[in-house]
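Subject: Structure handover

Hello,

Here is the structure I promised you. Please open it next to this email and follow along.

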Amino acid sequence: MKVLVINCGSSSIKYELFDMAQESVLASGLVERIGSDRSILTHKVTGKEPWVETAEILDHRQGLNKVLALLVDKTLGVLHSVDEVDAVGHRVVHGGEAFSQSALINTDVVRAIQANVDLAPLHNPPNLLGIDAARHHLPHAQHAAVFDTAFHQTMPDYAYLYALPRVLYQKHKVRRYGFHGTSHQYVSERAAEMLEKPLEELKLISCHIGNGASCTAIQGGKSVDTSMGMTPLEGLMMGTRSGDIDPAIVPFIMAKEELTLAEVNSMMNKHSGLIGVSGLSSDMREIVEGTFEGNKQAKLALEMYTYRLRKTIGAYAAAMDGVDAIIFTAGVGENASLVREWTCRGLSYLGVELDKEKNANRGLQVISTPESRVKVLVIPTDEELMIARETKRLVESAS
Ligand SMILES: Nc1ncnc2c1ncn2[C@@H]1O[C@H](COP(=O)(O)OP(=O)(O)O)[C@@H](O)[C@H]1O
Ligand SMILES: CC(=O)OP(=O)(O)O
Ligand SMILES: [Mg+2]
């Protein structure tokens, strides 16, 4: 079975084509800056040099058209015809309370995703555009929606409710949903394999720290709490997002700086976090470099970032009455050894003992000492593979 995985952002399309017989990647790529006359298309075929083109790509439908043309191109392609794509798996960020599982896409599913646009105005509209465009271009294929929120639907009510008037939950579904669920689930399954223990017996804390960042408490394979909330703004400090702040700051700065709600929202989502505190960059590589070069603001940003992550890990150990392993994943978690070191240095009370040499290595591994009571793992995430597997499972169970 050939499965195409699509992740549509507001101005981008990420794609990956799998042959599910060996779970091998045939091709993958990225269309950036959709809507401009200088969109960039990067296409990679496994084993070959990446191919990059700059072109005018005005919308997602046109972008996907280009991608499909490349997949069947005589020299750059890997398929004879797009009819060879059996199924398409779509990343959908917000499934609200309607989905605790992935779902094959039909009119009802599209309607339910539309109903959650208010809860994820930045993420769900491009996801819907991607679904529409892919169904248009690949009408013969089965389409599946795999939700960031689904894995977190197991949280108990005392973890997902906010201490606000109950009517807000009843009327508007104001609650914690959590995100990056596909990634948290994937790394928790890999962790159980690495630890050679059944997932049902493990208490895990998974730190997905990339551009967006969230931490999840996973008990017996189920999400019991997570740091992102109704939207992906809550919780940890991120590249450009503030994470938790006192909510009273919002009306305060609106008044003092004469800002609109939209301006404050944009400030908290796009100009805060690492970039806001350091004034240098939202990219952890530059923050680490700046810290080594003696940039005080970069060092402060790094201290805040790791301090807040450590506090969340402590909170989740308390939530689960213990923890067997802490997992680091995503761009920062997989690559930034200094972030892992600073995060773990105040966790000795839990029984965390980092092996500095192992922590300096790259790739999948245990980075705690053999004596460490709590294991610390680095596990590269693979959301695309997880989406492809879910899509295959749904298609097979429907036939
Ligand atoms: N070698 C590295 N050292 C430190 N940080 C890194 C390194 N490589 C990537 N990163 C960080 O990972 C981030 C991107 O993570 P990623 O999981 O790819 O994000 P997303 O999928 O949300 O775009 C970058 O912004 C960068 O800060
Ligand atoms: C939900 C979310 O924050 O996703 P990303 O990390 O891709 O921005
Ligand atoms: Mg990501």
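This is a predicted model: local features need pLDDT of at least 70, side-chain atom pairs count only at pLDDT 80 or more; totals for chains, interfaces and linings use all residues.

By class, which residues make up the shell around ligand 2? Three are nonpolar, four are polar and one is charged.

Residues are numbered from 1 along each chain as its sequence is written, while chains are lettered from A and ligands numbered from 1 in the order in which they are written.

**The ligands**

Ligand 2 is surrounded by Val93, Asp148, Phe179, His180, Gly210, Asn211, Gly212 and Pro232. A residue is near a molecule or strand if its C-beta atom, placed from the backbone, lies within 6 Å of it.

Ligand 1 has 13 residues around it. Gly210, Asn211, Met284, Gly331 and Asn335 come nearest. By class, the shell around ligand 1 has five nonpolar, six polar and two charged residues. Helix H10 (284–292) and helix H12 (330–335) each supply at least two residues of this shell. H12 gives the most, with four. Helices (H or I, at least four residues) and strands (E, at least two) are DSSP runs, numbered from the N terminus.

**The sheet**

Look next at the open sheet of eight strands. Its order is S5-S4-S3-S2-S1-S6-S8-S7, with mixed pairing. The edge strands are S5 (51–57) and S7 (103–104), and each pairs on one side only. Two strands pair if DSSP finds at least two bridges between them. Strands of a sheet pair through backbone hydrogen bonds, either parallel or antiparallel.

S7 and strand S8 (residues 142–147) run antiparallel, joined by two bridges. Alanine 103 stands opposite alanine 145 in S8. Helix H15 (residues 383–398) packs on the sheet. H15 touches strand S1 (2–8), strand S2 (13–19), S6, S7 and S8. The direction of H15 makes about 125° with that of S6. For that angle, axes are lines fitted to C-alpha atoms, for helices over the stretch in contact, and angles run from 0 to 180 degrees between N-to-C directions.

Two hairpins are worth a look. Strand S3 (residues 24–32) and strand S4 (residues 36–45) pair in the antiparallel sense over six bridges. Serine 28 has lysine 44 in S4 as its bridge partner. Three residues lie between these strands, and arginine 33 takes a positive phi near 55° in this hairpin. S4 and S5 also pair in the antiparallel sense, over six bridges. Here serine 36 has isoleucine 57 in S5 as its bridge partner. Five residues lie between S4 and S5, and glycine 47 takes a positive phi near 90° in their hairpin.

**Two residues**

Is arginine 91 buried or exposed? Arginine 91 counts as buried, because it has 22 C-beta neighbours inside 10 Å. The cut-offs: buried means 20 or more other C-beta atoms within 10 Å of its own, exposed means 12 or fewer, and partly exposed lies in between, with C-beta atoms placed from the backbone. Arginine 91 sits in strand S6 (residues 87–92). Not counting residues up to four places away in sequence, arginine 91 touches Asn7, Asn127, Val146, Glu383 and Ile387. Contact means C-beta atoms, placed from the backbone, within 7 Å.

Lysine 356, in helix H14 (residues 356–359), counts as exposed because it has 10 C-beta neighbours inside 10 Å.

Best wishes

Note on methods
Ala, Val, Leu, Ile, Met, Phe, Trp, Tyr, Cys and Pro count as nonpolar, Asp, Glu, Lys and Arg as charged, and the others, Gly among them, as polar. Two residues are in contact if their C-beta atoms, placed from the backbone, lie within 7 Å.
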